[in-house]
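Hi,

Here is the structure I promised to pass on. Have a look at it first, and then read on for what turned up.

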Amino acid sequence: MQMSDVIADMLTRIRNASNAKHDTVDIPASNMKKAIADILLTEGYIKGVQIIEDGKQGVIRVSLKYEAGKQKVIHGLRRVSKPGLRIYSNYEDMPKVMNGLGIAIVSTSKGIMTDKKARREKVGGEILAFVW
């Protein structure tokens, strides 16, 4: 069966594994998912990303990050732009997540980046997800 929204599946896998207090979660690989995982890593929401080649599509193994006492670092993940309703924004009207405490992941013509970087580079695009 073909999946219609692979980004929502990735976010749901991370959310479910975080709620269940798992150490890692495996996600089928794609270039867009790798870019999103790299953003989560550089912003400090996850501990590590490992790409595992299996001869087919490949797997992204995401190591989840917890604070003391297994408190979640990722408090929320929300898919914004869906296949049925795409949400676009220019750089001036880019939304701020939790008044700047969270990040918005944006797909631009210069690649996938955070909302802060998109504002700095003055480029708009499709708002993929909110993370806080």
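Which residue just after H2 takes a positive phi? That is glycine 44, with a phi of about 85°. Do keep in mind that this is a predicted model.

Now for H2 itself. Its 12 residues reach 17 Å from the first C-alpha to the last, close to the 16 Å expected at 1.5 Å a residue. Lys33, Ile36, Ala37, Ile39 and Leu40 are buried in H2. Seen down the helix axis, the buried residues of H2 fall within an arc of 155°, so they line one face of the helix. Asn31 and Thr42, on the other side of H2, are exposed.

On to the nonpolar cores. The largest one has 26 residues, and the members touching the most others are Ile14, Leu40, Ile105 and Val131. H1 gives the most, with five residues. As for leucine 40, if you leave aside its neighbours within four places in sequence, its contacts are Ile14, Tyr45, Ile46, Ile105 and Val131. Another core, of 10 residues, lies apart from the largest one, and includes Met94, Val106, Ala118 and Phe130.

Last, strand E1. Val25 and Ile27 make up its covered face, while Thr24, Asp26 and Pro28 are on the uncovered one. E1 pairs with E3 in the antiparallel sense, over five bridges; threonine 24 has serine 63 of E3 as its bridge partner.

Cheers

Methods. Residues numbered from 1 in each chain as written. Predicted model: local features only at pLDDT ≥ 70, side-chain atom pairs only at ≥ 80, totals over all residues. Heavy atoms only, no water. Core = buried A, V, L, I, M, F, W, Y, C linked by side-chain atoms within 4.5 Å. Buried < 20%, exposed > 50% of the residue type's maximum accessible area, 1.4 Å probe, protein only. Helix = DSSP H or I, 4+ residues; strand = E, 2+ residues; numbered from the N terminus. Contact = heavy atoms within 4.5 Å. Pairing = 2+ DSSP bridges. Expected span 1.5 Å × (residues − 1). Arc of directions from axis to C-beta.
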